[in-house]
Amino acid sequence: MRMHRGSSKDARAAPGPSESLPLSAPPAFVAVEIEVVRGASVERRSVEVRAGTAVRATLRAIGRAPEGCAVLVDDVPIPLDTPIDRPLRLIVVPTFSGG
């Protein structure tokens, strides 16, 4: 017994819209320079974090309590839940100290 597949020309659908794909994938890890400023002293740290990591988690990774800090990028304060998606230099200013 011979089976007939039929004509594929009748069921052909119009091609869908083409996708716009990026030329390269985003980096898996991002370099972050951190400067903790307290009075006249500056502590500099470098860390690599996975792209999309929140500033809060980055500060915890270097042993800082994020809730007690103000974080600035280019002299502008940013929220602690800001995701890091590119290389950054963070200025961290502790806002209180224990006593």
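User: Which residues does Ala28 touch, not counting residues up to four places away in sequence?

Analyst: In this predicted model, Ala28 lies in the segment before β1. Residues up to four places away in sequence are not counted, and contact requires heavy atoms within 4.5 Å. On that basis, the residues that Ala28 touches are Val49, Arg50 and Ala51.

User: What distance separates the C-alpha atoms of Ala28 and Glu48?

Analyst: Ala28 is partly exposed, with a relative accessible area of 46%. Along the chain, Ala28 and Glu48 are 20 residues apart. The separation of their C-alpha atoms is 9.8 Å.

User: How many salt bridges does the count come to?

Analyst: The rule asks for a side-chain nitrogen of Lys or Arg within 4 Å of a carboxyl oxygen of Asp or Glu. Among the pairs is Arg64 with Glu43, with the closest N and O atoms 2.6 Å apart. By this rule the count of salt bridges comes to 6.

User: Which parts of the chain does the salt bridge between Arg89 and Glu35 tie together?

Analyst: The side chains of Arg89 and Glu35 form a salt bridge with an N to O distance of 3.2 Å. The two residues are 54 residues apart in sequence, so the pair ties together separate parts: Arg89 belongs to residues 88-94 and Glu35 to residues 29-38. These parts are strand β5 and strand β1, respectively.

User: Is Glu35 buried or exposed?

Analyst: Buried means under 20% relative accessible area. Arg89, the partner of Glu35 in a salt bridge, counts as partly exposed at 45% relative accessibility. Glu35 has 15% relative accessibility and therefore counts as buried.

User: Which residues are linked with Glu35 in a network of salt bridges?

Analyst: Glu35 meets Arg89 in a salt bridge. The network that holds Glu35 has two other named members.

User: Where do Arg64 and Glu43 lie?

Analyst: Arg64 forms a salt bridge with Glu43. The pair links distant parts of the chain, 21 residues apart. Arg64 lies in the loop between α1 (55-61) and β3 (69-73), and Glu43 in strand β2 (residues 41-50).

User: What is the relative accessible area of Glu67?

Analyst: Glu67 forms a salt bridge with Arg56, the closest N and O atoms being 3.1 Å apart. This pair links helix α1, where Arg56 lies, with the loop between α1 and β3, where Glu67 lies. Arg56 is partly exposed at 27%. Glu67 is also partly exposed, and its relative accessible area is 48%.

Key
Residues are numbered from 1 along each chain as its sequence is written. This is a predicted model: local features need pLDDT of at least 70, side-chain atom pairs count only at pLDDT 80 or more; totals for chains, interfaces and linings use all residues. Side-chain values use heavy atoms; hydrogens and water are left out. Helices (H or I, at least four residues) and strands (E, at least two) are DSSP runs, numbered from the N terminus. Buried means under 20% relative accessible area, exposed over 50%, partly exposed in between (1.4 Å probe, protein chains only).
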